[in-house]
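Trainee: Hi, could we go through this structure together? I'd like to get my bearings.
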Amino acid sequence: MGHEAGTRARGTAQEPKALKRALTTPLLYFFILGDVLGAGVYVLVGQVAADAGGAVWVPLVVALLLALLTAASYAELATKYPRAGGASHYATRAFGPFAGFVAGFCMLAAGIVSVAALARGFGGDYLSAFVTLPVALVAVVFLALLALVNARGIKESTRANVVATVVEVGGLAVVVVLGAWLLLRGDGDLGRLTDLGTPEKGAAAAVLSGSVLAYYSFVGFETSVNVAEETRNPRRSYPRALFGALATAGAVYVLVGLAASAAVPTAQLAGSSGPLLEVVKEAGGVPPKLFSAVALVAVANGALLTGIMSSRLAYGMAKDGLLPGVLTKVLPGRRTPWAAIAVTTGLAMLLALTGSVATLASTLVLLLLVVFLMVNTAVLVLRRDPGEGDHFRTPVVLPVLGIASCVLLATQIEAAVWLRGLAIVAAGAVLAAISVARRSRRTDEGEGRRADVDASRPG
């Protein structure tokens, strides 16, 4: 009996412990909202205006609706399989390890591209309020400093995140209030709010083109699936928090788009790399340097958090044998993945030196469309699997529309961006093939050794 109790005790000790379910619906809502509400809108409103015309709010609404389609698929899969891994885990379940690797690699590449885009955004008109320097030089120095902060430690890197998030949301609120004040005093032009199209594009084509860039402002919700395992009653909480956070972010972005369009002439907005600063200048009342400082905090915070995610994802994939083992090297004292930080930072520097903010943002969207296409398809494929208990179930039409939305947005991406994006996806496919082959070889060798052991046992 004592032996049996000891065996049970050892078995219990060896079982992996489940993560503590500490996140309530409100906490999860703010977690997702913090991920979505970020630096993208500070940089890209002008680029959206250049593509779509004065009615910037229209592509923002379209991008929100398209993001909600894929969010519905994430809501089903995150509650059906409430564990870390996200798109890579879902793709592996639905299509096998090759697709799972490609999904994970595209998420990693998207993170690196996003950091590069934000680095270029940091060196634009917001910084010019204080000092004028070459954007390429600023981007390289900025990324090097972020890498040092990242390497110092995760605690130090994220300690100020809550404060920075409050600052960046406060900055967006200031833009909305200033835009309203400008209109109330009789300035601005409400006619621009219905101005769709450019000399090169009709209204429909302009909206779709602008939606590709606007889509960048809503990404971030996909990382929240990694905390579903730590959420109380994820079946109920996760969909509510996810859709609520996206709706809130969408409302904020639309108000910002309305304020920017009405306050600033479209050509002026499109020509600025610090478009929201133009609203502040037109309205007055807030020192431009103060708002520029707020915008720089928002951009730096977004880049730092994304850089942390990218380096940890690279480290985790290397630890699982999916990327070269050198990426698992850590600093002896700080225990931070310095090799993964160095490689992801180096790649971000290369991208920042070879692409504009708009090109990098479109590349990121293209990579995420590959991932979202897999996720929307995985929902349909995995319907035959009952999953792990009760879970949220999205109507079949939504993932189907999600697939169509990914294809539609992909057709609006320029050929040069496609070349860059396809090169990244091709690299992921090659690494995936190598990884799957190695895993298959190890499995065959393991089965061979077990067969030898079984054959050597006396009958």
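Trainee: Which residues account for 84% of the contacts in the chain with a separation of 6 or more?
Mentor: Residues 24 or more positions apart do, where contact means heavy atoms within 4.5 Å. Keep in mind that this is a predicted model, in which local features need pLDDT of at least 70 and side-chain atom pairs count only at pLDDT 80 or more, while totals for chains, interfaces and linings use all residues. Residues are numbered from 1 along each chain as its sequence is written, and side-chain values use heavy atoms, with hydrogens and water left out.

Trainee: Okay, and how many helices and strands are there?
Mentor: The chain has 19 helices and 0 strands; these are DSSP runs, helices being H or I with at least four residues and strands E with at least two, numbered from the N terminus.

Trainee: How many salt bridges does the structure hold?
Mentor: It holds 4, each a side-chain nitrogen of Lys or Arg within 4 Å of a carboxyl oxygen of Asp or Glu. One of them joins Glu76 and Arg383, with the closest N and O atoms 2.8 Å apart. Glu76 lies in helix α4 and Arg383 in the loop between α17 and α18, so the pair ties together parts 307 residues apart in sequence.

Trainee: Are those two buried or exposed?
Mentor: Both Glu76 and Arg383 are buried. Buried means under 20% relative accessible area, exposed over 50%, and partly exposed in between (1.4 Å probe, protein chains only).

Trainee: And what does Asp189 pair with?
Mentor: Asp189 forms a salt bridge with Arg192, at 3.9 Å between the closest N and O atoms. Asp189 is partly exposed at 34%, whereas Arg192 is buried at 14%.
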